[in-house]
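Have the sequence and the model open as you read.

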Amino acid sequence: MPARAKWNTLRSAPQQRFFFSELACVAEIEPATVAAMKTSTKIFTVAGALLLSLALGIVAGTPAQEKAFTDKYKAAMEGKDTATLESFLYTQGSDPAALEFYKMMQSGGAGDKISSIELVNLTPEDLKKATTPMDGPTGKVCLNLKPTKKLLIKVEKKDGSGSSSSSSENFVAEKDGKFVIPVPGPCK
């Protein structure tokens with residue numbers, strides 16, 4: 001008797017019922033399992049995003065910390081305290097030539113009267129600029145910390161021959177609970 005004919009006999013009918021009922025059960029269960037997996041994945045994703053945003057909110061500098069940073073920076077700048085100005089620089093992994101340039105820029109305006117100083121949130125353009133490799137003295141360099149704010153400083157000078165104003169900006173990052181100015185280093 002051919003195999004196909006044997007399968008269709010009455011003796012194999014219970015096997016057929018068992019086989020087809022098992023297939024039906026698996027087919028019914030699988031979509032529910034997949035749906036449950038998708039739902040649980042969504043729940044864990046939302047919960048993880050919520051925890052991450054709370055953690056970043058806790059880590060982010062408070063207005064009091066921002067004011068303390070800007071007040072200390074302003075006092076150091078107007079008091080010609082180059083050592084304190086250089087202490088704001090985050091130098092780990094920095095390019096030596098870039099570090100010398102940043103030190104020169106920090107001390108270059110020491111003694112000037114600051115008319116305004118503030119930490120502002122980064123715009124999307126600022127973020128793009130901060131994450132794009134830059135041409136440095138020894139090749140392409142990148143910021144070694146991700147900036148979270150931008151320090152804007154405006155200086156106005158008045159003397160007998162007239163007045164002038166200038167402004168500068170630096171990216172500011174947070175490291176170990178304090179604000180620092182990251183110095184670029186080799187891109188990784």
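Let's start with Lys 149 and Glu 66, whose side chains meet in a salt bridge at 3.1 Å, N to O. (A salt bridge here is a side-chain nitrogen of Lys or Arg within 4 Å of a carboxyl oxygen of Asp or Glu.) This pair ties together distant parts of the chain, 83 residues apart: Lys 149 sits in strand β5 (residues 149–159) and Glu 66 in helix α3 (residues 63–78). Helices (H or I, at least four residues) and strands (E, at least two) are DSSP runs, numbered from the N terminus. Both Lys 149 and Glu 66 are buried, where buried means under 20% relative accessible area, exposed over 50%, and partly exposed in between, with a 1.4 Å probe and protein chains only.

A word on the source: this is a predicted model, so local features need pLDDT of at least 70 and side-chain atom pairs count only at pLDDT 80 or more, while totals for chains, interfaces and linings use all residues. Residues are numbered from 1 along each chain as its sequence is written, and side-chain values use heavy atoms, with hydrogens and water left out.

By the salt-bridge rule, the count comes to 7. Three of them are in the table.

| Pair | Closest N to O distance |
|---|---|
| Lys 150 and Glu 169 | 3.7 Å |

Next up is Lys 150, also in strand β5; its partner Asp 126 is in helix α6 (residues 124–131), 24 residues apart. Lys 150 is buried, at a relative accessible area of 10%, and Asp 126 is buried too, at 8%. Lys 150 also forms a salt bridge with Glu 169, which lies in strand β6 (residues 162–175), 19 residues apart from the lysine. Glu 169 is partly exposed, with a relative accessible area of 40%. Through shared partners, salt bridges join Asp 126, Lys 129, Lys 150 and Glu 169 into one network.

Now for helix α5 (residues 96–108). Its 13 residues reach 18 Å from first C-alpha to last, close to the 18 Å expected at 1.5 Å a residue (the expected span is 1.5 Å times one less than the number of residues). Which residues of α5 are buried? They are Ala 98, Leu 99, Tyr 102 and Gln 106. Seen down the axis of α5, they fall within an arc of 100°, so they line one face of the helix; the arc is that of the directions from the helix axis to the C-beta atoms. The face turned away from that buried side carries the exposed residues Pro 96, Glu 100 and Gly 108.
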